[in-house]
Amino acid sequence: MREIVIGGAQMGPIQKAEPRTAVVERMLALLEQAVAEKCDLVVFPELALTTFFPRWWMEDQAEIDAWFETEMPNAATQPLFDRARETGTAITFGYAEKTPEGRHFNTSILTDKQGAIIGKYRKVHLPGHSEYDTERAFQHLEKKYFEPGDLGFPVWRNLDAWMGMCICNDRRWPEVYREMGLQGVELITLGYNTPSVNSQLSDEGLEKRLYHSELSMTAGAYQNACWVVGVAKAGDEDGHPLMGGSIIVDPDGFVVARAQTEGDELIVHACDMDACNFGKTTIFDFARHRRIEHYSRITSQTGVVTPE
Ligand code: CDT
């Protein structure tokens with residue numbers, strides 16, 4: 001048995017005016033709860049340090065850059081790294097990254113139990129749009145503020161398991177899980193900021209949105225025989241509701257822990273990485289069953305092309 005006790009640290013809303021230091025205090029409180037529950041790893045959401053700023057239209061680059069971190073750890077997040085190291089807890093969280101070359105990414109990092117960053121992922125599937133969209137109830141400007149990630153979907157050896165990350169909209173794409181599945185991934189962690197309302201379909205309803213989120217993660221877990229931990233930033237951010245629904249999914253695709261609120265809330269499960277072995281050696285033994293000669297469209301074509 002290779003057990004990792006995982007804490008999914010859902011976060012409630014972060015208002016525009018809330019400073020990073022206050023947010024890190026909340027993350028520290030969740031970390032302390034996780035330590036009390038003997039967690040080995042704590043998973044925080046996408047863009048965990050700030051409000052979901054891509055909903056706001058901004059033109060001034062200095063105003064935009066104020067939402068980005070130029071180094072990690074930095075002064076605001078150092079207490080989180082320090083406490084994680086002191087307690088021997090691995091952590092992962094998302095933030096907006098500005099590189100020394102001035103590139104902008106929606107990023108997530110993973111530490112080991114010594115508090116060292118051992119993994120970095122940059123979000124590949126950026127949803128939304130880059131120009132102001134008058135047809136939408138509210139904006140989703142990830143395509144304006146970030147460029148698509150350039151690191152692919154790596155996996156890392158951590159806590160005696162193969163771990164990978166993706167971010168929010170990535171969870172809806174089966175290619176993401178399979179890229180990591182083909183590297184033997186046993187645990188995929190992800191954070192998300194998903195509006196409770198569809199800006200292009202006002203009557204879609206929260207129930208359907210939660211279902212699609214869960215459907216994506218449970219399918220990804222089952223079809224790749226791995227654990228998936230999806231953690232929301234939820235609640236009302238300056239009048240813009242984000243849905244909760246954080247879950248831990250086992251390698252059979254079953255939800256084993258689920259958040260009940262839209263606030264700061266820790267969900268915990270002891271996840272046995274060896275539970276991945278059966279699926280990986282039977283129905284999803286990729287080496288025996290995959291037929292790559294029939295999959296070329298997946299990497300050669302983006303949109304739909306119907307036969308002539
Ligand atoms: N943050 C993020 O990727 N959110 C998207 C919302 C898409 S609506 C334009 C998601 O897939 O949850």
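## Two helices crossing: α5 and α6

A crossing of two helices is called left-handed if the near helix is turned anticlockwise from the far one by less than a right angle, and right-handed if clockwise. By that rule, α5 passes α6 in a right-handed crossing. Before going on, a word on where this comes from: the model is predicted, so local features need pLDDT of at least 70 and side-chain atom pairs count only at pLDDT 80 or more, while totals for chains, interfaces and linings use all residues. Residues are numbered from 1 along each chain as its sequence is written, and side-chain values use heavy atoms, with hydrogens and water left out.

Helices (H or I, at least four residues) and strands (E, at least two) are DSSP runs, numbered from the N terminus. Helix α5 covers residues 174-181 and helix α6 covers residues 206-224; they pack at an angle of about 30°, with their axes 10 Å apart. That makes α5 roughly parallel to α6. Angles under 35 degrees count as roughly parallel, over 145 as roughly antiparallel, 65 to 115 as roughly perpendicular and the rest as oblique. The axes are lines fitted to C-alpha atoms, for helices over the stretch in contact, and the angles run from 0 to 180 degrees between N-to-C directions.

Who touches whom? On the α5 side you'll find Tyr-177, Arg-178 and Gly-181, and they meet Ser-216, Met-217, Gly-220, Gln-223 and Asn-224 in α6, where contact means heavy atoms within 4.5 Å. This contact of α5 with α6 splits into 2 nonpolar, 5 polar and 1 charged. For these classes, Ala, Val, Leu, Ile, Met, Phe, Trp, Tyr, Cys and Pro are nonpolar, Asp, Glu, Lys and Arg are charged, and the others, Gly among them, are polar.

## Another pair: α1 and α3

Helices α1 and α3 pack at an angle of about 10°, again with a stated gap: their axes are 10 Å apart. That makes α1 roughly parallel to α3. From α1 come Val-24, Met-27, Leu-28, Leu-31, Glu-32 and Val-35, and from α3 come Pro-79, Leu-80, Arg-83, Ala-84 and Thr-87. By class, the contact of α1 with α3 has 8 nonpolar, 1 polar and 2 charged residues.

Now for the gaps. On a 1 Å grid over the protein atoms alone, a cavity is a set of points where a 1.4 Å probe fits but cannot get out, and a pocket is an open set with protein on both sides within 12 Å along at least five of seven lines; lining residues have an atom within 4 Å of a point. Grid points are joined across faces, edges and corners, and a volume is the space filled by probe spheres set on the points.

The largest pocket holds about 620 Å³ of space. Its lining has 22 residues, and Pro-174, Glu-175, Val-176, Arg-178 and Ile-298 are the closest to its centre. Helix α5 gives the largest share of that lining, 6 residues, and α5, α6 and α9 (296-300) each supply at least two. The second largest pocket has a volume of about 450 Å³, with Pro-127, Asn-169, Arg-172, Pro-195 and Arg-209 nearest its centre among 21 lining residues.

There is 1 cavity of 30 Å³ or more, and the largest cavity has a volume of about 70 Å³. Of its 13 lining residues, Phe-44, Gly-94, Ser-108, Leu-190 and Gly-191 are the closest to the centre. Strands β3 (90-98), β7 (161-167) and β8 (187-192) each supply at least two residues of this lining.

Most residues other than glycine have a negative phi, and most peptide bonds are trans. Lys-38, though not a glycine, has a positive phi of about 65°; Lys-38 is in the loop between α1 (20-36) and β2 (41-43). A cis peptide bond joins Met-72 and Pro-73, with omega about 0°, and Pro-73 sits in the loop between α2 (61-65) and α3 (78-87).
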